[in-house]
Amino acid sequence: MELTKNLTLGIYFPGDTTLHCLDPRTKIAGTTGLITLLLFTNNYTAYTFFAAFALALILAAKIPLGFALRGLRPMLPFLAMMWLFQIFFQKPPGSEIIFSWWKLTATDGGLHMGTLMSIRVLLLFLLTTILTLTTSTVELTDGTEALLRPLQRLKVPAQELALTMVIALRFVPTLAEEAEKIIKAQTARGVDFGRGNFIQKIAQLFPVLLPLFINAFRRADEMITAMESRCYTGGTGRTKMKVLRMSKNDYYSWAVLLLFALMQIILIVKIAPPF
Amino acid sequence: MPIEIENLNHTYKEGTPFARQALFNISLRIDDGEFIGLIGPSQSGKSTLSQYFNALFIPKSGRVFIDGKDTADRKTDLVQIRFEVGYVFQNPEHQLFKTTVGEDIAFGPTRQKCSPEEIEERIREAMELVGLDYETFFERDIFALSGGQKKRAAIAGVLACRPKVLILDGITAGLDPRGRKEILNVVKKLHQEKKITVILISHSMDDVARLVDRIITMDQGKIVDDGPTRKVLSRVDRLQQIGLEPPQVIEIMQQLREKGFTVPTGVLNIKEAVSEIVKMLNTPGGEQSWN
């Protein structure tokens with residue numbers, strides 16, 4: 001019973017590879033760009049190249065492949081559901097019926113849509129994981145804040161937004177650990193998690209979620225006190241200990257990213273979607 | 001219900017880059033009616049090991065038998081084992097989730113499918129055992145309780161399942177001296193009156209030494225020492241090696257010895273220490289170095 005074992009999102013994997021040392025702005029903006037590109041990708045060839053690119057990034061960051069992929073595991077049941085829905089309920093024009101059963105009919109167009117969507121979600125998750133695995137939370141805040149700074153003129157609270165995001169990310173593993181402890185305490189009082197019918201399973205959630213929420217509020221309260229006692233008053237006028245600077249490697253990375261993006265755009269335009 | 005552990009290993013986050021082995025080849029036997037202190041510094045593996053005692057962890061390497069039943073056997077009723085081996089975790093807030101004390105204590109017996117009358121009786125008994133007055137606290141809001149009262153309520157919630165073995169993880173942590181004394185008296189009473197096997201997990205010697213009959217010390221995932229309280233405590237150098245402070249009386253005796261007085265180090269409380277020192281002073285030659 002280890003919830004934290006399969007958790008890769010929000011965990012920093014320390015290292016000193018080029019990818020780790022890049023400017024966080026490069027990594028955040030690059031990931032955002034790649035995700036945007038991903039949303040427009042709609043054929044298998046482009047996706048194959050995309051997967052290869054993600055794989056190359058993982059290898060370059062010296063993250064064990066099995067560890068990076070393990071984080072995808074909890075998504076699989078959810079994806080399988082979505083996949084089935086797409087197969088049976090999506091009927092793009094011109095698609096042919098593969099088989100029908102009872103009132104449901106599966107079309108080849110739906111099958112392609114479902115498969116492409118699943119690949120898209122998996123890659124999206126993988127790209128985000130690579131970002132958080134190679135970037136510490138401090139770098140993530142600094143990067144996000146720097147990228148949002150131009151919006152401050154439009155009265156967007158960049159610093160506060162960045163801080164909120166980072167606190168949320170930071171507490172994913174903490175809350176998972178706490179949930180694990182609570183699950184154990186309730187198991188010790190005879191709750192048999194994962195057994196029983198649907199209603200029983202829902203009922204099993206209460207003894208876990210209630211203490212978890214209460215403790216999360218308490219934690220937030222304590223953090224506010226800790227921040228205020230260190231005179232945190234918001235972002236204006238704060239200086240940085242580490243000033244972000246683009247290095248040679250950042251410019252090389254942008255060159256690689258742009259080349260890859262160009263190739264993907266050509267692939268998207270030239271190759272027709274399979275439905 | 002004896003607990004037997006054979007060649008147990010445990011690794012956290014196995015198969016990930018963050019893997020860390022927490023237990024190394026542990027073998028252990030706990031018999032009925034024992035009163036045990038499981039002591040070690042943080043990260044020594046004591047909590048990990050104790051979670052095998054009530055089948056919260058199922059062994060992947062090594063074997064665990066509870067009442068002769070192999071916990072890794074699919075046919076073993078783990079829920080039943082968890083009722084019989086009660087586990088109270090360090091933080092009562094991880095356990096308490098109902099609105100009132102009474103409802104929370106009722107949670108375990110309800111899962112055991114007891115009749116309403118029986119549940120009522122068990123709540124009464126459990127609350128009385130931990131020293132929470134039934135009339136005052138039954139309807140009390142969980143969040144209105146003090147730290148010590150929450151711990152008692154958590155212990156009562158486990159006692160209501162009528163366990164034969166009780167594991168208490170860090171029950172004195174975060175309590176003031178009075179609360180500490182009271183809760184330890186409750187534990188002592190449970191062991192003496194209810195004949196429950198009690199396993200106290202702690203990282204400090206002072207609390208536990210006076211109570212338990214047997215001490216198991218752990219460090220870095222291995223058992224360092226295991227034996228009767230007096231014997232384990234008298235090996236001061238071994239305790240200090242793993243960063244555990246022996247109880248203060250023992251330290252005084254140790255220092256007396258270093259100064260050349262012939263006193264035994266295996267004492268448990270001030271009374272024993274005093275009588276040993278008096279004995280030493282009354283024996284001819286015992287006070288020779290006194291100057």
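Me: How many residue pairs are in polar contact between domain 1 of chain B and domain 2 of chain B?

Reply: This is a predicted model. Between domain 1 of chain B and domain 2 of chain B there is 1 residue pair in polar contact, with both residues at pLDDT 80 or more. On the domain 1 side, helix H8 (205–209), helix H9 (229–234) and helix H10 (236–241) of chain B each give two or more residues to the contact. H9(B) has the largest share, 4 residues. By class, that side has 4 nonpolar, 3 polar and 3 charged residues.

Me: What makes the pair B:Glu272 and B:Arg230 a salt bridge?

Reply: The closest N and O atoms of B:Glu272 and B:Arg230 are 2.7 Å apart. The cut-off is 4 Å between a side-chain nitrogen of Lys or Arg and a carboxyl oxygen of Asp or Glu, so the label applies. The count between domain 1 of chain B and domain 2 of chain B is 1 salt bridge.

Me: Which residues are in domain 1 of chain B, and which are in domain 2?

Reply: Domain 1 of chain B covers 32–60 + 77–244, and domain 2 covers 247–291. Their centres, taken over C-alpha atoms, are 34 Å apart. The contact takes 10 residues from each of these domains of chain B.

Me: What is the buried area between domain 1 of chain B and domain 2 of chain B, and which residues of domain 1 lose the most?

Reply: The two domains of chain B bury about 840 Å² between them, with 63% of it on carbon and sulfur atoms. In domain 1 of chain B, the residues that lose the most area to domain 2 are B:Arg230, B:Leu233 and B:Val236, together 50% of what that side buries.

Me: Why is B:Val236 called buried?

Reply: B:Val236 has a relative accessible area of 2%. Buried means under 20%, so B:Val236 qualifies. B:Val236 lies in helix H10 of chain B. Leaving out residues up to four places away in sequence, B:Val236 touches B:Pro246, B:Ile250 and B:Gln254. B:Arg122 is 114 residues from B:Val236 in sequence and 43 Å from it in space, C-alpha to C-alpha.

Me: Why is helix H1 of chain B said to be largely enclosed by the rest of the structure?

Reply: Helix H1 (residues 46–53) of chain B is largely enclosed because 7 of its 8 residues are buried. The buried residues of H1(B) are B:Lys46, B:Thr48, B:Leu49, B:Ser50, B:Gln51, B:Tyr52 and B:Phe53. H1(B) is followed by B:Ala55, which has a positive phi, near 65°.

Me: How do you know that B:Glu93 and A:Arg218 meet in a salt bridge?

Reply: The N to O distance between the side chains of B:Glu93 and A:Arg218 is 3.6 Å. That is within the 4 Å cut-off, so B:Glu93 and A:Arg218 count as a salt bridge. The count between chain A and chain B is 2 salt bridges. There are also 5 residue pairs in polar contact across this interface, both residues at pLDDT 80 or more. On the chain A side, helix H4 (65–70), helix H8 (158–187) and helix H9 (198–229) each supply at least two residues. By class, the side of chain A that touches chain B has 15 nonpolar, 5 polar and 9 charged residues.

Me: How many residues does each chain give to the contact, and what area do the chains bury?

Reply: The contact takes 29 residues from chain A and 30 residues from chain B. Chain A and chain B bury about 2600 Å² between them, 62% of it on carbon and sulfur atoms.

Terms used:
Residues are numbered from 1 along each chain as its sequence is written. Chains are lettered from A and ligands numbered from 1 in the order in which they are written. This is a predicted model: local features need pLDDT of at least 70, side-chain atom pairs count only at pLDDT 80 or more; totals for chains, interfaces and linings use all residues. Side-chain values use heavy atoms; hydrogens and water are left out. Domain bounds come from an automatic or database domain assignment. Contact means heavy atoms within 4.5 Å. Buried area is the accessible area (1.4 Å probe) that two parts lose on being put together, summed over both. A polar contact is a pair of N or O atoms within 3.5 Å; within protein, one must be able to donate a hydrogen and the other to accept it, and residues adjacent in sequence count only if both atoms are side-chain atoms. Ala, Val, Leu, Ile, Met, Phe, Trp, Tyr, Cys and Pro count as nonpolar, Asp, Glu, Lys and Arg as charged, and the others, Gly among them, as polar. Buried means under 20% relative accessible area, exposed over 50%, partly exposed in between (1.4 Å probe, protein chains only).
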